[in-house]
Each structure stands twice: as structure tokens, then as C-alpha cells.
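Biologist: I would like to learn how to read the side-chain features of a model. Please show me the structure and start with contacts.

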Amino acid sequence: MTKTAKIYGSGLYDLALEDNLTEVIMEELTEVRKVFWENPDYQKLLGLPSIPKHERTKLVEDAFGTQVQRYLVNFLKILCERGIIMEFGGCCDEYTRRYRIDHNISEAVVYSAAPLSASQKEALKDKLEKISGKSVILTEKLQPSLIAGIRVELDGKQLDGSLKGRLAGISRKLDELVI
């Protein structure tokens, strides 16, 4: 994340916080980000310096003017005017980071060799919430090299319950015994 994205994302969060709109804007940021992800040429168009600023901001107004909070529409217009619309993703990341801190939410990335069932995800989520004392959002990623079990990244910590991790631990212990 660039310094610019951090400053702008944080500024939007502070503004939303003042008017008690953090949750609404969080949801809308996710939707706008999805629109940009699904239509990358649209975001590139909004960043083209060859298109006059007033035309780019009109495109934003036409697309989002009645769909999202005025703060967010104006935020997008500012990014267009300053030629930094491509920083939008980083702005979203900073906003999300601040939102999660204020709402005591952590993201856990779960790596598994095979997809987890709904009941496994729910049980893991409950366990991680007890460990962290926070609400947890699970993101699952498949990693067949784990062979079996799971590996979890939560709040900068790694919890390794994979077969690969256990075998590596046994190997280290054996190396210590041999030396």
C-alpha cells in the first residue's frame, strides 16, 4: 500500500467516523471495488489524463451518484481529479484496516489441502474467536502441498496443524538429537 493510499483511505475513514457512516461506507467500498475489479478498463478510463477532469468526474457521478453515499462519490471524484484513481484499492485496504481495528475484527487466512466443510469452517471460526477475543472473518485458500490438515494466519501469528508442518517439526527434533 502506498503512502498516498494510506493517507486518503484514512481520511475517508475519519470523515465516515465523524458522521457515524463507517459501516455503510465499508459495504459500499466493497461494492465499488467489485465494480472496478470486474471492469478494470472503467477504472483505467477514470485515470486517463487525456480525458478532461470534469468528464471523468461526470462519469463517476453518472455511475455512482445515486447508488452510494455522497462522501464516497466525492471521494472517487477527488481521486479522479488528482489522477490517483488507481490508488483506490489501497485506499480500500486502509479503510478496511481501520474499520477492523475499531470493530475488533481479525481476518484469518486458512490454508488447507482440500476445501473445508461449512461445519468445519464454523468450528474453526469459533475456536479462533475464542483464541483471539475478536470477531473473525475466515478466508480459505487451497494449498495441496500441505497434504492434510490446515495452517492458519491470524494477527501475524501462524498456527500450523498441517501434516507437512508436523513432519517438519519431527524432522527438526530428529536433527537436534543427532547433533
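Modeller: A polar contact is a pair of N or O atoms within 3.5 Å; within protein, one must be able to donate a hydrogen and the other to accept it, and residues adjacent in sequence count only if both atoms are side-chain atoms. Here, the side chain of Gln43 reaches the backbone oxygen of Ile85 at 2.9 Å.

Biologist: What kind of model is this, and how are its residues numbered?

Modeller: This is a predicted model, in which local features need pLDDT of at least 70 and side-chain atom pairs count only at pLDDT 80 or more, while totals for chains, interfaces and linings use all residues. Residues are numbered from 1 along each chain as its sequence is written, and side-chain values use heavy atoms, with hydrogens and water left out.

Biologist: Where is Gln43 found? Is Gln43 buried or exposed?

Modeller: Helices (H or I, at least four residues) and strands (E, at least two) are DSSP runs, numbered from the N terminus. Gln43 is in helix α3, residues 40–46. Gln43 has 11%, so it is buried.

Biologist: Now salt bridges. How many does the structure hold?

Modeller: A salt bridge is a side-chain nitrogen of Lys or Arg within 4 Å of a carboxyl oxygen of Asp or Glu. The structure holds eleven. Glu61, Arg70 and Lys77 are linked in a network of them. Arg70 meets Glu61 at 2.4 Å, N to O. Lys77 meets Glu61 at 2.6 Å, N to O. The Lys77 pair links distant parts of the chain: Lys77 is in helix α5 (residues 70–81) and Glu61 in helix α4 (residues 53–64), 16 residues apart.

Biologist: How does accessibility class the members of that network?

Modeller: Lys77 is buried, at 18% relative accessibility. Arg70 is partly exposed at 37%. Glu61 is partly exposed too, at 27%.

Biologist: Which residue does Arg100 meet in a salt bridge?

Modeller: Glu107, at 3.2 Å, N to O. Arg100 counts as partly exposed at 22%, and Glu107 counts as partly exposed at 33%.

Biologist: How do I read a surface patch?

Modeller: Patches are made of residues with over 30% relative accessible area and no salt bridge; like charges are joined within 9 Å, and nonpolar side chains (Val, Leu, Ile, Met, Phe, Trp, Tyr) within 5 Å. Lys and Arg count as positive, Asp and Glu as negative; His and the chain ends are not counted. The place of a charge is NZ of Lys, CZ of Arg, CG of Asp or CD of Glu. Here, Glu23, Glu27, Glu31 and Glu38 form a negative patch. Glu23 lies in helix α2, residues 22–38, and is partly exposed at 45%.

Biologist: Which residues make the nonpolar patch?

Modeller: Ile147, Leu167, Ile170, Leu174 and Leu177, covering about 540 Å². Accessible areas come from the Shrake-Rupley method with a 1.4 Å probe; for residues, only the protein chains shown count as cover. Ile170 is in helix α8, residues 163–178, and is partly exposed at 49%.

Biologist: Last, backbone angles. What is phi of Asn20 near?

Modeller: Near 55°, a positive value in a residue other than glycine. Asn20 sits in the loop between α1 (3–18) and α2. Asn20 is exposed, at 69%. Asp155 also has a positive phi, near 50°. Asp155 is in the loop between β3 (150–154) and β4 (157–160), and is partly exposed at 42%.

Note on methods. Buried < 20%, exposed > 50% of the residue type's maximum accessible area, 1.4 Å probe, protein only.
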